[in-house]
Amino acid sequence: MAPLVSIRNLRVEATTDAGRKLQIIRGVNLDVAEGEIVALIGESGSGKTTIAMTLLGHARPGCRIVGGEVRVDGADMVALGEHERAAIRGTKVAYVPQSAAAAFNPAMTIMAQVIEVTAIHKLMSADAARAKAIELFKALSLPEPETIGDRYPHQVSGGQLQRLAAAMALIGNPRVIIFDEPTTALDVTTQVEVLRAFKAVTARHGIAGVYVSHDLAVVAQIADRIVVLRHGEVQEVGTTEQILFAARHPYTRQLLAAFEPKRQDRAAEVAADRPVPLLEVRDLTAGYGPIKRDGTPAVAAVKSVSLSVERGKNLGIIGESGCGKSTLARAIAGIMPGYLGQVRFNGQEIAATAAERSREDLKQMQIVFQHADTALNPAKSVEDILGRPLTFYHGMDGRTRDKRIDQLLDMVHLPRLLRSRRPGELSGGQKQRVNFARALAADPKLIICDEITSALDTVVAAAIIELLRELQRELSLSYVFISHDLSVVEAICDEIVVMYRGERVEQLTPETLATPSHAYTQLLFASVPKLDPRWLESLPA
Amino acid sequence: MNKRILSLAANRLAIALITLVIVSFAVFFATTLLPGDTATILLGQSATPEAVAGLRTAMHLDDPAILRFLHWLMGLAQGDLGTSYANNMPVAALIGGRFVNTLKLAAITAAIAVPLALTLGITAAMWRGSVYDRAVTILTIGIISVPEFMIATSAVLIFAVYLKWLPALSFTNEVSTFYDILRVYAMPVLTLTFVVSAQMIRMTRAAVVETLSTPYVEMALLKGASRPRLVLRHALPNALGPIVNAVALSLSYLLGGVIIVETIFNYPGIAKLMVDAVATRDLPLIQTCAMIFCLGYLTLITLADILAILSNPRLR
Amino acid sequence: MKRPPANTIAVLGTKFRGRVGYRVNPVGLIGLAIIVAWTVVALTAPLIIPHSVGEIVDFDYFGPMSRTLWLGSDYLGRDMLSRILMGARYTVGISLAAVAIACTCGVVLGMTAAVTGGWVDTILSRLLDALNSIPSKLFGLVVVAAVGSSIPVLILTLSVIYIPGAYRFARALAVNVNTMDFVLVARIRGESLFYLIRAEILPNILGPVLADFGLRFVFIVLLLSGLSFLGLGVQPPYADWGALVRENIGGLPYGAPAVIVPSLAIASLTISVNLFIDNLPAKIRDKEEH
C-alpha cells in the first residue's frame, strides 16, 4: 500500500535580502504511513518547519518549492493549483502552530475560528460543527468545554490555546496533522498535559502526524519514527528506539550527547571558613503597578525572597514563566528596584536602583540577558561593544584597550577577526559569547545570567555552559543563574532556589537535589521530559 | 470590561479638551501678541492718539494678555465670537452661511472619497504585487507628490478650458437644479477627492498589508480560506483601528485642502473667508475660523481614537 | 561544495566573510538624478539663467514655448525659463532649511522624550500633539496674518509646523529601540543621557529618520508652494514656484505654459524625492563564501 504522505526529492529555495537564491531544502525524501507519527528533528535552520509546511502546499514568503513532489493521499501538493490546494487544507492536512496565541485571530471568538474549516469547505451545518467542537474540547480535556468557545483568545491560557488549536485542526477530520513545535512555548508542567492530549486524540482517530521539534525528549514520547535533519538534508531516519538507543549518524549522537546530564562534582571544594557572602538578598519584594498603602506594589512578582551567594559559588534560580525569577534578577541588578527588603553586596547594603549605585558596585555586578539579539546594539561592531565598558569602567584607550579586547575574545573562544563584525553577522552562539564577554570586560565579581542559554540550540547551549565553567575556574567568578531548564541549572550551580508564584519554595543543595521535599518542586522535576519513550506513560496522571 | 473602555474613552476626551485649550491659547497669542496695534489698524494711520487710546480702553487692549485670553475664551464658550474689525459685523453672522457651504463641500467629498479609498486600498492590499496594486500605488504617490493647486488647475484646464464641460468658477447662489449642483460642485469635489483619497488609500493598504502578514492570517490560509475571506474576515477586523485613524487623518486634511480649493474655485466657504480676513488683518474673524478648523480636526481625531478603542477586541 | 541554507548562514558565520554592497534600483536612480539636477540649478541659478528675471523680453504676455523662449513668457512678458530656474533657489532653499530645522529639533526632542520617559515625555508629547492639531495651512495663515511674510519667518513657520511630525516619528522609533536590552545594559553601566541618545539610539534609527527627512521635505515643498500660491509665502519681487503659479494664474484659460510649467517643476521635485525614498539603495551585508 502506498504511504499516506510521500515526499520525493523535495527542494525549496529561499531568496536572501540581497536577492541571492539559496536551496534550503536539498532533495529530501520522506514517507508517513496511515496513522503513523513521524518527528522531524533538528536545530534552528535545519528546514524542519519548511518541510512540514510543504505538506500543505505552502511555502513562507521568500521561499519557493522548486522541485520534487509532495504527495498527500495521492495528490501532489506541489503541482496542484491554488484552489485545489485550498480544498485539501483543513480537510486532509491540518496544521497546529507553534504559538497558538499568535495563530488565533484576536478579533474572533475561539468557536468561530475552530469551526471555520467546516464553513470554508462546507462540511456540515454550523450547529453540527459546534457540537463536534465541544466533543473535541472534551476529548482534549479542556475546562468548561461547553462555553470555552465563546471566549476570545486573549481570555484563555497558553496551554489551553494550544489544545484549542488542536481542536481546530481536528474538526475537518484530517488524515494527517502537522504539529509545528506545539509545546515549545509552554512550561514543562503544561507541556505534559498538552502532549498527553495530543497523543490520546491522534491515537483514537488513527490520524497520522508530522511532529516538528528541536527537543528529542519530547519527540520520544509521541513519535513512531524520527527523521534527523540538518542544513535541509536528512541525516538519519529510524524508529524512535533506534534513534535514541542506537544512533549511527555522528550528528544524531551529538544531539543526544547534549542531553546527557553534566552534573558536576563541586561539593568537595567547600571552603574551610564561611566568610561574608558575596551577595545577600533579604526579604526582597518587587513588582509592578502603583504602590499600595503598605508599601508593596499592586502586582508583587517577587514576594519576600531571601537568598545568598558565596564567593566563587553559583546559585541557580529555577521556576516556570511568571514565577518572578526574572523580576528577582532585575531587582538584584537594580533595573526594577525592590520595594521592600535589601540587597547586600560584598557585605554592604547597596542602593535599590542602578542609578543610585556607585560605579564600583555597578562594575562588580554584571547582568547578561537571554536574547543576545536585543542585548547587542546592531549598529555597533564587536570591538565597539566590548571597548565601551573598558573605557567606561577602566579608562582604557588606544592600544591597551585593543589588547584587552583581543584577550576577551580569546577568553570566550571567539576568533579575533570577528572584531569588526556587527552582531547581525554573527551566529546565535557567537552573539551570546560577545554578550558574555561584555560582562567580563567590567572585571565583575558576580554575573547574573538571565536565561542565557534558552534561545540557543541544545548543542550550542551546552558549549556556552562549558565556557561558563571554564571562566569560573580561571577568574573566580560567581554566577546567579536563572533558567526554566533544570538540566542547565544542574550543570552549573552549587545550590538551586525553586520559585513559584513569586515565592521561594525551596532551596536545594547537590545532596538534596534528587529528593526535593516540596510538592511543587517534585512536580516540576518530574515534568522534565526524559529520553525514554515510556516516560510520559509512566507519569502519574 | 466596559469600564475599561469607558475610562479609556473618557481619557481621550479629556486629552482632547486639554489640547483644545492649548490650541486656543496658541491661536490667540499668535494673532494678538505679535506686532501691529489693533486700535491703530482699526482707526487708520491718521487717527489722533486720543482716539486710539480711547479705543484701546474700550477694547480692553491694555489689560494683561492672560486676562484678554480668558475674556476671549469665555466669550467663545458663550457663543460670543466677537465683532469683525473689517466691517463691524458680528463674526457669527459672517460665518454662518459660509460654514454651511464648507460643510456641504466636505460632506460630499467625504461621501465619495471614503468608500472609494477604502475599496481601492483594501483591494490593492488583497492583490498585493499585482499590476493593479502597482497602478494604484503609482497613482497615489503621484497625487500626494503634487500640490493641491496643481490638481485643481489641471482640472480647470481639462474640464473647463479644453473640454468646456464645466465653468471654471463656483457660484453657489445660482444653484437650482441637480445639473447646476453637478456643474458647480464637480471640480471642487473632484480635486478634494483626489487629494484626500490618495492618503487614505496608502494608509488603508499599509494597514491591511501589515495585518496580512500576521500568524493568524497564515493560520487561516492553512485552513483553506480564500483570499477574499483572509482579507475580509481575518485581516480587516484587526486593521480597523489603523484604518479609522487613516480616514480621520485624511478627512482632517480636507480642512487644509479646502483652503486652496475654495480660493481657486472662488467657492464662498469659510476657508475663503479666512484667507480674505488675513488680507485685511481681521483678527476676530481669523481667530474664530482657526478655532473652527482646530475643533473640527480634534473632533475627528478623538472620534477615531475612541472608535479604535471600541474596535479593539482585546478590550472586550 | 556544500552551500548552506539561508537561515543557517548566521549559525555558520565564522566561515563566511561579510561583504558590503549596494543594490540600486533604476527608478531610485532617476529620482536621485532629478534631485541632484535641481540642487545644482538652485546653487548656480544666477550663472545659468538666459535672461535677467525682471527683464521683459517678449512683447506678448503668456507667450507660448518657442526657440528663443523655451518655456514661453509670463504675464508681463518675462522669460519663464529664467524665472523657473531662479524659483528653484527659493523653493529648494527655503524647504531645505526648514526641513533641516524641523527634523533636527524633532529627532533630538523625540529621542530625549523616549529615553527619559516619565513627565518629560508626557509634557513634550502633549504639547507637540496640540501643536500638531492645528492644520498646517491654517497655522501658516495665522502666522502670516500676524507677522507678515519674510523668508526667515517662512522658514521658521514651516519648521515649527513640521517639528511635531518629526518628533512623533522619531519618538516612536526611539521608544522601540529603548525597549531593547542593549539600552538597558548601557543604562545600568551608568551611561549618561547624551551617550544613550548618541551612541545607542541614534545609529539604530538613522535610516528611517533620513527617509522621514525626505518625506517631510516633500510636505514642506508642497506647503510652501501652497502658501505662496495663496499669496502668503514668498513675496514679490522674489518668486518661488508656488508664487509663479499665482502670478500667472490669469493664463489658465489660455492654457499658457507659464501656469503649467511651475507646477510641473514642483511635481518633478516632489515625485523624485518620493521615488528615491521608496527605492532607497539597499545596503547589503550579504555573506559570501571565501
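Trainee: Is Arg189(C) buried or exposed?

Mentor: This is a predicted model, in which local features need pLDDT of at least 70, side-chain atom pairs count only at pLDDT 80 or more, and totals for chains, interfaces and linings use all residues. Residues are numbered from 1 along each chain as its sequence is written, chains are lettered from A and ligands numbered from 1 in the order in which they are written, and side-chain values use heavy atoms, with hydrogens and water left out. Buried means under 20% relative accessible area, exposed over 50%, and partly exposed in between (1.4 Å probe, protein chains only). Arg189(C) has a relative accessible area of 5%, so Arg189(C) is buried.

Trainee: Which side chain meets that of Arg189(C) in a salt bridge?

Mentor: A salt bridge is a side-chain nitrogen of Lys or Arg within 4 Å of a carboxyl oxygen of Asp or Glu. For Arg189(C) the N to O distance is 2.7 Å, and the partner is Glu191(C). That partner, at 8% relative accessibility, also counts as buried; its name is Glu191(C).

Trainee: Why are Glu135(A) and Lys138(A) separated by about one helical turn?

Mentor: The side chains of Glu135(A) and Lys138(A) meet in a salt bridge, 4.0 Å from N to O. Glu135(A) is partly exposed at 48%, and Lys138(A) is partly exposed at 42%. Helices (H or I, at least four residues) and strands (E, at least two) are DSSP runs, numbered from the N terminus. The two residues are separated by about one helical turn because they stand three residues apart in one helix of chain A, H6 (residues 126–139).

Trainee: How many salt bridges does the rule find across the interface of chain B and chain A?

Mentor: One salt bridge joins Glu116(A) and Lys223(B), with the closest N and O atoms 3.1 Å apart. The structure holds 44 salt bridges over all chains. Across the interface of chain B and chain A, the rule finds three.

Trainee: What area is buried between chain B and chain A?

Mentor: Contact means heavy atoms within 4.5 Å, and 17 residues of chain B are in contact with 26 residues of chain A. Buried area is the accessible area (1.4 Å probe) that two parts lose on being put together, summed over both. Carbon and sulfur atoms give 59% of the area buried here, which is about 2100 Å².

Trainee: Which three residues supply 48% of the area that domain 1 of chain A buries against domain 2 of chain A?

Mentor: By an automatic or database domain assignment, chain A is divided into domain 1 (5–259) and domain 2 (312–335 + 358–508). Eight residues of domain 1 are in contact with five residues of domain 2, and the area buried between these domains is about 750 Å². The three residues, which supply more than any other three, are Glu43(A), Asp187(A) and Ala258(A).

Trainee: How many salt bridges does the rule find across the interface of domain 1 of chain A and domain 2 of chain A?

Mentor: The C-alpha centres of domain 1 and domain 2 of chain A lie 35 Å apart. Of the area buried between the domains, carbon and sulfur atoms give 51%. The number of salt bridges found across this interface is zero.
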